[in-house]
Amino acid sequence: MFYEIRTERARAGRGTEMARYMDETVIPLHQEMGMHVVGAFTVADDEDAFVWIRRFEDAADRERVLAAVHGHSRCATVVDTLSALSGGTASAVRLEPAPRSGLR
């Protein structure tokens, strides 16, 4: 199992709009396709950042879920809307639970 912390960047001044779209549209679509979203957050001192944490069983699970999302009929509209809201930069960090964390 591993986690992915993904940070999305909105165009200047569009962070609230992007956060709403992520919360109401993007994350639900991912969840419908089987993704486990641990949490979604706005950043206190960066109004144009949105952070979400996703959990996958393994690399194959990640690929399966993302393929299902990208293959869904709603995906093209979602991508277009996110492109309009996004500042074009996103980052992801993969985290693996420490052996003694109890999170495995």
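How many residues does helix α2 have, and how far does helix α2 reach from its first C-alpha to its last? Please also describe the surroundings of helix α2.

Reply: Please note at the outset that this is a predicted model. Helix α2 runs over residues 59-71 and has 13 residues. From its first C-alpha to its last, α2 reaches 18 Å, which is close to the 18 Å expected at 1.5 Å a residue.

Let us begin at the N-terminal end. Asp58 caps this end of α2, with a side-chain oxygen 3.2 Å from the backbone nitrogen of Ala60.

The next matter is which residues of the helix are hidden. Asp61, Val65, Leu66 and Val69 are buried in α2. Because these residues cover an arc of only 120° around the axis, they lie on the same side of α2.

What do the buried residues meet? The buried residues of α2 pack against α1 (15-32), β3 and α3 (75-85).

Strand β3 deserves attention here. This strand covers residues 46-56 and includes Arg54. With a relative accessible area of 3%, Arg54 is buried, because buried means under 20%. Beyond the residues up to four places away in sequence, Arg54 touches several others, among them Arg62 and Leu66. Leu66 is one of the buried residues of α2 already named. The list of residues touched by Arg54 also includes Phe2, Glu4 and Arg6. With Glu4, Arg54 forms a polar contact between side chains, at 2.3 Å. The C-alpha atoms of Arg54 and Arg6 are 7.8 Å apart in space, although these two residues are 48 residues apart in sequence. Arg54 also lies over the face of Trp52, at 4.8 Å from the ring centre.

Arg62 lies over the face of Phe56, 6.0 Å from the ring centre. Phe56 counts as buried, at 1% relative accessibility.

The partner is Phe2: the ring centres are 5.5 Å apart and the planes stand at 35°, so the pair is tilted. Phe2 lies in strand β1 (residues 2-10) and Phe56 in strand β3, so the pair ties together parts that are 54 residues apart in sequence. Phe2 is buried as well, with a relative accessible area of 2%.

Helix α1 can be examined through Glu32, which lies in that helix. Glu32 is partly exposed, with a relative accessible area of 48%. The side chain of Glu32 makes a polar contact of 3.2 Å with the side chain of Arg74.

To draw the account together, α2 has its N-terminal end capped by Asp58.

Note on methods:
Residues numbered from 1 in each chain as written. Predicted model: local features only at pLDDT ≥ 70, side-chain atom pairs only at ≥ 80, totals over all residues. Heavy atoms only, no water. Helix = DSSP H or I, 4+ residues; strand = E, 2+ residues; numbered from the N terminus. Buried < 20%, exposed > 50% of the residue type's maximum accessible area, 1.4 Å probe, protein only. Contact = heavy atoms within 4.5 Å. Polar contact = N/O pair within 3.5 Å; in protein donor to acceptor, adjacent residues only side chain to side chain. Expected span 1.5 Å × (residues − 1). Arc of directions from axis to C-beta. Phe/Tyr/Trp six-rings, centres within 6.5 Å; stacked < 30°, edge-to-face > 60°. Lys NZ or Arg CZ within 6 Å of the ring centre and 35° of its normal.
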